[in-house]
Amino acid sequence: MFYGITIFVLNFIQIVSSQPSADQWHIFEDALYLVDNDTRLNYDQAQSYCQELGGNLARIDSDEIQSFLTDIVSPGFVPTRCFFIGANDIEDEDEFKWQDGTQVRYDGWSPGQPDDTEGNRDCACLWSSKNPSRHGQWDDTNCFNRMNFICQKRLYNFTLTSSRSNPGSGYVTCAVDIVDDNEILPPDDIRLSVGKTLASTRSIPYSSTRVIGQFRDSTFEIDNLEEDDMIFCHVGDLSRNTTSFSRIQFLPINFYALPGLTFSPAVDDIGSTSLTVTWSSWIPCLDTGEGPVVSYLVYVQTTGKELINAGEVDSDEGEGALHGTMELALTELEPGTEYNISVSAVREGVGGEGPRSPFVSVTTSIVSARRSAILENGILPWIFFGVSLAGNVLLLVVIIKLCRRRKKEPFQTRSLKGVRTTPSGSVPNDDQYEVPRARGDGEDHLYEGLRRKSSKYSEAEGYISMDGPDRVEYVNTIM
Ligand SMILES: [Ca+2]
Ligand SMILES: [Ca+2]
């Protein structure tokens, strides 16, 4: 036991960190093979090493593969040695299985093998030997022996598609097939990873997947994508080595420039709790960024408070449209308060909102809350109407009362003390002369049928007959 642990530790230390280059992999049919002549590992370590490269210890299930690998491990280049392959009978003696658990059916064994010498020969290897009876044949050996090995991994055809997107988001498609094989990859086998480095990626789940011919075609929507992020599509776990045939890197996503309004919005109809924001629609040649713009977002901010999204206005204008004016009515504002208002244009797609325009500052008018509420509720016109109606009714009542009073109140005839006769020499005939009747108080002399005429007498007033201008009566106004 102690010996086994010691060997394990030593072998662990001796794991070579250098990665095989692409030209060390040999393509045959639908797979790639790596014959590692330099690294010596025990069986489990060798399998882990191959997994790190995106594969497994080699699986040999045809004469063609057996022959191909025999050529690769030509003894002309290396001394006699046996290379670990993927078969083992660790679980059940003499029941050899491959790494995926399937039973070994192809017989590549050297004559007399496997012999399970000492009862602990459970891992298969492929001989490279100058002895023709051994060369290219399998043997069973101790799994703790440190030996060279052969890795194998699948070969895939990748077809990548990516389109321009708004900053921060990506929309990519990765289609994969297996070369020279009718097998279609399961959906979960095609994966996408995004990150600053190969070693620090995050996995992105596919948003949709379908089969087109022999291709598994998966699409991915990436959020929080940064400009210098690398995007990898890979089959199975992401292999961390510098070269891999099971993964491929997308070209950097080309982002759209988000649209921005050059000018600040304007404000109109400024009330105590409401106003109207107006702005010119986004125009490609005058404003910044790229369209098409699908909507606008209006932001409102009061001093010391956060910017609030006050509403969105859909744009039917789109790119290249003629100049148009957009507007949004803001309500429920505070009276007498300064507001900074800005508008942003939003282009189509996820994350399409552009930078906010310059601010316009406006202060709402000051009105009492009650009146404000009345104004907003539309009660004021009714109040005006009511007041007007009451005034008219009151006026009517006064007029009616005056009329009634005039009708009820007979002219009061009273004696006119001190009425003099007309001055001598101009006295009209007595029988034609009508004594005027006074009404009202003493100061208010009105006489029926007479109208006032200027008089040279200081203490009397003269009245001239409406019917006969020649008739004049003088009345002493001093009572
Ligand atoms: Ca055995
Ligand atoms: Ca043996």
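Is Ile-212 buried, partly exposed or exposed? Select Ile-212 to begin: the residue is partly exposed, with a relative accessible area of 42%. Here buried means under 20% relative accessible area, exposed means over 50%, and partly exposed lies in between, using a 1.4 Å probe and protein chains only.

Before going on, note that this is a predicted model, in which local features need pLDDT of at least 70, side-chain atom pairs count only at pLDDT 80 or more, and totals for chains, interfaces and linings use all residues. Residues are numbered from 1 along each chain as its sequence is written, chains are lettered from A and ligands numbered from 1 in the order in which they are written, and side-chain values use heavy atoms, with hydrogens and water left out.

**Stop 1**

Ile-212 lies in strand E12. Strands (E, at least two residues) and helices (H or I, at least four) are DSSP runs, numbered from the N terminus. Now select Ala-175, which is 37 residues from Ile-212 in sequence and 8.8 Å away in space, C-alpha to C-alpha.

Next, show the open sheet of four antiparallel strands, ordered E8-E9-E13-E12. Its edge strands, each pairing on one side only, are E8 (156-162) and E12 (208-212). Two strands pair if DSSP finds at least two bridges between them. From one strand to the next, the twist averages 20°; such angles run from 0 to 180 degrees between N-to-C directions, with axes as lines fitted to C-alpha atoms, for helices over the stretch in contact.

Inside this sheet, select residues 170-178 (strand E9) and 215-222 (strand E13): the two run antiparallel and are joined by seven bridges. To see one pairing, pick Val-176, whose bridge partner in E13 is Arg-216.

**Stop 2: the three-stranded sheet**

Another open sheet has three antiparallel strands in the order E16-E17-E20. The edges are E16 (266-268) and E20 (325-330), each pairing on one side only. The twist here averages 30° from one strand to the next. Select E17 (residues 275-280), which is joined to E20 by six bridges. Ser-280 has Thr-325 as its bridge partner in E20.

**Stop 3: the calcium ions**

Donors are N, O and S atoms within 2.8 Å of the metal (3.2 Å for Na, K and Ca), and sites may look incomplete because water is not among the atoms. Glu-93 and Asp-122 both lie in the loop between E4 and E5, so the pair ties together parts that are 29 residues apart in sequence. Glu-93 is partly exposed at 42% relative accessibility, while Asp-122 is buried at 16%.

Move to ligand 2, also a calcium ion, where the donors come from Gln-113, Asp-115, Asp-139 and Asp-140, at 2.0 to 2.7 Å. Gln-113 is in the loop between strand E4 (81-88) and strand E5 (123-128), and Asp-140 is in strand E6 (residues 138-141), so this pair ties together parts that are 27 residues apart in sequence. Asp-140 counts as buried, at 3% relative accessibility.

**Stop 4: the cavity**

Which residues line the largest cavity? Select Leu-225, Glu-226, Glu-227, Asp-229, Ile-231, Pro-252, Ile-253 and Phe-255. A cavity is a set of points, on a 1 Å grid over the protein atoms alone, where a 1.4 Å probe fits but cannot get out, and lining residues have an atom within 4 Å of a point. The volume is about 30 Å³.

How values were computed
On a 1 Å grid over the protein atoms alone, a cavity is a set of points where a 1.4 Å probe fits but cannot get out, and a pocket is an open set with protein on both sides within 12 Å along at least five of seven lines; lining residues have an atom within 4 Å of a point. Grid points are joined across faces, edges and corners, and a volume is the space filled by probe spheres set on the points.
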